[in-house]
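This report is a guide for a reader who meets the structure for the first time. It takes up the loops, the sheet, the core and the helices in turn.

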Amino acid sequence: MEHKIKVCMGSSCFARGNMNNLDYIESFISENNLEAKVELVGAHCQDKCESGPHIFIDDKEYDEVDEEMLKDVLENLK
Ligand code: FES
């Protein structure tokens, strides 16, 4: 896999937006046929709920992630 996306699935991040963010990422991967290139995994609470929801892409951390941010960031994985 060329890229790894890790989505915090702890209850805080999940409630604060990662439920929708996960849907968005899954759709993006399938619409762009990136299944062979991008690995998508979940993570436990990362102990930084206050700045969540958190997503990690190739070990870079993104805070307060929303769809707008994902649109930009995911384009770079194509
Ligand atoms: S639930 Fe994501 S950092 Fe705590």
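## The loop between S3 and S4

Aspartate 59 is placed in the loop between S3 and S4; strands (E, at least two residues) and helices (H or I, at least four residues) are DSSP runs, numbered from the N terminus. Its phi is positive, about 70°, although the residue is not a glycine. Aspartate 59 is exposed, because 7 other C-beta atoms lie within 10 Å. A residue counts as buried with 20 or more other C-beta atoms within 10 Å of its own, as exposed with 12 or fewer, and as partly exposed in between, the C-beta atoms being placed from the backbone.

Aspartate 58 lies in the loop between S3 and S4. This residue, not a glycine either, has a positive phi of about 50°. Aspartate 58 is exposed, since it has 12 other C-beta atoms within 10 Å. Most residues other than glycine have a negative phi, and most peptide bonds are trans.

## Basis of the description

The model is predicted: local features need pLDDT of at least 70, side-chain atom pairs count only at pLDDT 80 or more, and totals for chains, interfaces and linings use all residues. Residues are numbered from 1 along each chain as its sequence is written.

## A cis peptide bond

Proline 53 belongs to the loop between S2 and S3. The peptide bond that leads from glycine 52 to proline 53 is cis, with omega near 0°.

## The sheet

An open sheet is formed by four strands in the order S2-S1-S3-S4, with mixed pairing; two strands pair if DSSP finds at least two bridges between them. Strand S2 (38–43) and strand S4 (60–62) are the edge strands, each pairing on one side only. From one strand to the next, the twist averages 20°.

Strand S1 (residues 3–8) pairs with strand S3 (residues 55–57) in the antiparallel sense, over three bridges. Opposite lysine 6 stands phenylalanine 56 in S3. Helix H1 (residues 11–31) packs on the sheet and touches S1, S2 and S3, and its direction makes about 150° with that of S1. Contact here requires C-beta atoms, placed from the backbone, within 7 Å; axes are lines fitted to C-alpha atoms, for helices over the stretch in contact, and angles run from 0 to 180 degrees between N-to-C directions.

## The nonpolar core

The largest nonpolar core has twelve residues in all, including Ile5, Val7, Leu22, Ile25, Ile55 and Leu70. Such a core is a set of buried Ala, Val, Leu, Ile, Met, Phe, Trp, Tyr and Cys residues joined through C-beta atoms within 7 Å. At least two residues of this core come from each of S1, H1 and S3. Isoleucine 5 touches Ile25, Val38, Leu40, Ile55 and Ile57, not counting residues up to four places away in sequence.

## The two helices

The axes of H1 and helix H2 (residues 67–75) come within 10 Å and cross at roughly 30°. H1 and H2 are therefore roughly parallel to each other, a description used for angles under 35 degrees, while those over 145 count as roughly antiparallel, 65 to 115 as roughly perpendicular and the rest as oblique. Asn21, Tyr24, Ile25 and Phe28 in H1 meet Glu67, Leu70 and Leu74 in H2.

Asparagine 20 is in helix H1. With 15 other C-beta atoms within 10 Å, asparagine 20 is partly exposed. Asparagine 20 and glutamate 67 stand 47 residues apart in sequence, and their C-alpha atoms are 8.2 Å apart in space.

Conventions: Contact = placed C-beta atoms within 7 Å.
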